Amino acid sequence: MTMSRFMVNSISSNTVGDKHTQVSYFTATNTPSLETPQHTVFDSSNMSRDCIRRHIRQQRNALSHTEQQQLATTACQHLLAEIVARKATKVALYLAFDGELSTQPLIDALWQQNIAVYLPRIHPFAKGHLLFVHYTPSTPMVHNRFNIAEPKLDVRRIVTSSHLDMIVTPLVAFDVHGNRMGMGGGFYDRTLVQIKANNPIAIGYAHDCQQVSQVPTQYWDIPLPLLFTPTKRIASSHLRDTHNNN
Ligand SMILES: Nc1nc2c(c(=O)[nH]1)N(C=O)[C@@H](CNc1ccc(C(=O)N[C@@H](CCC(=O)O)C(=O)O)cc1)CN2
Ligand SMILES: Nc1ncnc2c1ncn2[C@@H]1O[C@H](COP(=O)(O)OP(=O)(O)OP(=O)(O)O)[C@@H](O)[C@H]1O
């Protein structure tokens, strides 16, 4: 996997409200236009969480298989560069469903580089909680009640989240402040609340069409310090670490 075809061609630093957010736009260097790719941010004002969730799920499910594959390949290059730059060796990903941005190219690239991949599985006893399980090409898989493939329970392969360097979270909608909204189970909220000082760092991974003007947040929602889409990297003020002094 090479980064040479892509580079960060413009970094716009804009302050929104009292929070500082840095958005870096990725552009293919072989694209004739130097313009920043524009994606419409969905105006979610005055919409309920359920309404936003329904709309965005519809949008991402409308992407064709070919678009999904191209977007996943592009996004993979950007997130892989971040993983390598951070020297992460234990990365939790997810297996895409319901039109989510596929992590398959990233999983293949990490396996090739001997970076350990972990997947979430629904906790068998603790309601609403996730377990992270080491995932290799030979891991036996089962389908959970949502029909998402997950590693078969094997206590020897479970890790606690503090053992991970990075948790890449699926999501339904996000905004420029790093707020996220998921499928409604609170699984990742319960995981993210346990993270101290961005260790592991939680990174949102989603299509551009999943960006909304404002996610209506609840007190339990944990904002993400970093988000990647196929066209941009969004670092919010929640990012405070030695790697990146945003
Ligand atoms: N790829 C992926 N894996 C993941 C998640 C995710 O969002 N994406 N999760 C992140 O938390 C967990 C699963 N959470 C989920 C929560 C709700 C539904 C869902 O389809 N809800 C239906 C109602 C189905 C039912 O109640 O039986 C719906 O809203 O239509 C799916 C997954 C763990 N694994
Ligand atoms: N830290 C927590 N402790 C206990 N309950 C929580 C916690 N976080 C969220 N919940 C509960 O989970 C439920 C679902 O929350 P929410 O709709 O925000 O999930 P979500 O962000 O869409 O899903 P996910 O985190 O799985 O992607 C809510 O009823 C909320 O009360």
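How do the residues of the shell around ligand 2 divide into nonpolar, polar and charged?

This is a predicted model, where local features need pLDDT of at least 70, side-chain atom pairs count only at pLDDT 80 or more, and totals for chains, interfaces and linings use all residues. Residues are numbered from 1 along each chain as its sequence is written, while chains are lettered from A and ligands numbered from 1 in the order in which they are written.

**Exercise 1. Sort the shell around ligand 2 by class.**

Step 1. Collect the shell: 15 residues lie around ligand 2. A residue is near a molecule if its C-beta atom, placed from the backbone, lies within 6 Å of it.
Step 2. Pick out the nearest: Gly182, Gly186, Phe187, Tyr188 and Asp189.
Step 3. Apply the classes. Ala, Val, Leu, Ile, Met, Phe, Trp, Tyr, Cys and Pro count as nonpolar, Asp, Glu, Lys and Arg as charged, and the others, Gly among them, as polar.
Step 4. Find the main contributor: H4 gives the most, with 4 residues. Helices are DSSP runs of H or I with at least four residues, strands are runs of E with at least two, and both are numbered from the N terminus.

**Exercise 2. Find the buried side of H3.**

Step 1. In H3 (residues 104–112), Leu106, Ile107 and Leu110 are buried. Buried requires 20 or more other C-beta atoms within 10 Å of the residue's own, exposed 12 or fewer, and partly exposed lies in between; C-beta atoms are placed from the backbone.
Step 2. These three sit on the same side of H3 because they cover an arc of only 100 degrees around the axis. The arc is that of the directions from the helix axis to the C-beta atoms.
Step 3. Their cover includes helix H2 (65–85), strand E3 (90–92) and strand E4 (116–122).

**Exercise 3. Classify glutamine 70.**

Step 1. Glutamine 70 lies in helix H2.
Step 2. It counts as partly exposed because it has 13 C-beta neighbours inside 10 Å.
Step 3. Its C-alpha atom is separated by 9.1 Å from that of proline 230, 160 residues apart along the chain.

Key:
Two residues are in contact if their C-beta atoms, placed from the backbone, lie within 7 Å.
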